[in-house]
Amino acid sequence: MAKKKTLTPAERQRRCREKRKNDPEKVAEIKRKDLERYHARKKLVADMSIREHRIKKRIWQERNKKRREKKQMLKEVRLGTPTQSPTPETPRMTPSATATPSATPTPSEVSIRSSRGRSYFPKHRPFYVKPPTLHGRNTCLYYDKSNQTEIVDLRQWIRKSEVVEKAEKKVKITKNVPVTEKLTIKQVIYKFESELQNFKTHIHNIRHQYKAYRQCIDGLTESEVALHINFSENYACKYHSKVQSHHFGASRNQITLHTAVMYHFSAEAQKKQVTLYCTESPNQNHGPSAIWAHLHPILSELKAKHPNVTTVHFFSDGPATQYKQKINFYLMAGFSKNTGFTKYPGISLNQGMEKELPMVLEGQ
């Protein structure tokens, strides 16, 4: 007994479509269901929201762009096709009169040519059009690995320590200086990849800390405040009128500005209130003692205006000699006895990412 041939899914689907075409009722039923499905999913522009219309408009623009690119590509293909080869004189190769193409195509021929799909071009590919190959795509800059040993100049900033004499004493200082190194391309790539990992970690910290920063400020209660603090640069003082020699030496005095932005939830207004502070001092010290000296008038005013506040959230940058100093915990413990604050949670942000609001305050 002959074994029955097993049909593939594509063949079974093809047979099913052929049977369905022979039944007019099934064809009409399928068309009716397709039309109902189309009208159920269709949504007019008047029924769309502004956001839905913007998204749909973007989709339409992308489709129109692809349609124009495809139309331009077909136009270039037709213009780039060479003219028909001359008819050979050999009688054996002379085509029949019925097969001679007309100079002016008929409307039916134009409709046939315009309806040719994507599969038509690979099937009727001329002999002079070569299919793409992997070896023909030599467009990568580092395709030839022999250039990785080439020496290039890499200019970068590095931290350099040196010892200088100051007031008859030797002091070790650190400077940022530009240095040009001669490295191979392979070493430059390895250096870039290693620094890229540090950059990714920095970006992750920024996003996580900003998220915690926003959650803290948005979730403040009546017994909590948030203080965003930062030291400003030292500002040189000026006189309205002065002698020329005043510009030289140590004649000009300097002051330090300490800026702070306080967020507090008001129960009466049922919204978040923002208060700006800026304290100044002729002392250029930025250590823990100077920090709490600048914070003392702010926290005292805070306790006088809002006696129900028991928790102060601090946000600052990350210098180890300023806000991250361990002496801050000692001063904080003594300060809390006088003010009545019981909690001082704080977040130390990455360097260079905490100064948006305090820097605006400095400009004001």
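Me: Before we look at any residue, what does contact mean here?

Reply: Contact means that heavy atoms lie within 4.5 Å. The model we are reading is a predicted one, and in it Ile229, with residues up to four places away in sequence left out, touches His258, Thr259, Ala260, Leu295, Phe314, Phe315, Ser316 and Tyr323.

Me: Which residues have the most contacts inside the largest nonpolar core?

Reply: The general idea is that in soluble globular proteins nonpolar side chains tend to be buried together. In this model the largest nonpolar core has 20 residues, and those with the most contacts inside it are Leu227, Ile229, Trp292, Leu295, Leu299, Leu302 and Val312. Two or more residues of this core come from each of β3 (224–231), β5 (254–266), α7, β7 and α8 (327–339), and α7 gives the most, with six residues. Another core lies apart from it and has eight residues, among them Cys216, Ile217, Leu220 and Val261.

Me: How many aromatic pairs does a search of the whole structure find, and how should I read one?

Reply: A pair of aromatic rings is described by the distance of the centres and the angle of the planes. The search of the whole structure finds three such pairs. One of them joins Tyr213 and Phe315, whose ring centres are 4.7 Å apart and whose planes stand at 85°, so this pair is edge-to-face, given that planes over 60 degrees apart are classed that way. The pair links distant parts of the chain, since Tyr213 sits in helix α6 (residues 185–218) and Phe315 in strand β7 (residues 311–316), 102 residues apart.

Me: Are Tyr213 and Phe315 buried or exposed?

Reply: Tyr213 has a relative accessible area of 10% and is therefore buried, while Phe315, at 1% relative accessibility, also counts as buried. Trp292 and Phe314 form an aromatic pair too, edge-to-face, with 6.2 Å from centre to centre and 70° between the planes. Here again distant parts of the chain are linked, with Trp292 in helix α7 (residues 288–305) and Phe314 in strand β7, 22 residues apart, and both Trp292 and Phe314 are buried.

Me: What lies 2.9 Å from a polar atom of the side chain of Asn328?

Reply: That is the backbone oxygen of Gln322, and the backbone oxygen of Tyr323 lies 3.2 Å from a polar atom of the Asn328 side chain. Asn328 lies in helix α8 and, because its relative accessible area is 7%, it is buried. Leaving aside neighbours within four places in sequence, Asn328 is in contact with Pro288, Ile291, Trp292, Gln322 and Tyr323.

Me: Where is the place of Val179, and which residues does Val179 touch?

Reply: Val179 belongs to strand β2 (residues 169–184), and at 24% relative accessibility this residue counts as partly exposed. Not counting residues up to four places away in sequence, Val179 touches Leu154, Arg155, Gln156 and Ile158. Between Val179 and Trp157 the separation is 22 residues in sequence and 6.1 Å in space, C-alpha to C-alpha.

Me: How many disulfides does the count come to?

Reply: A disulfide is a covalent bond between the sulfur atoms of two cysteines. With the rule that the sulfur atoms of a pair lie within 2.5 Å, the count in this model comes to zero. As for individual cysteines, Cys16 is partly exposed, with a relative accessible area of 45%, whereas Cys216 is buried, with a relative accessible area of 15%.

Note on methods
Residues numbered from 1 in each chain as written. Predicted model: local features only at pLDDT ≥ 70, side-chain atom pairs only at ≥ 80, totals over all residues. Heavy atoms only, no water. Phe/Tyr/Trp six-rings, centres within 6.5 Å; stacked < 30°, edge-to-face > 60°. Helix = DSSP H or I, 4+ residues; strand = E, 2+ residues; numbered from the N terminus. Buried < 20%, exposed > 50% of the residue type's maximum accessible area, 1.4 Å probe, protein only. Core = buried A, V, L, I, M, F, W, Y, C linked by side-chain atoms within 4.5 Å. Polar contact = N/O pair within 3.5 Å; in protein donor to acceptor, adjacent residues only side chain to side chain.
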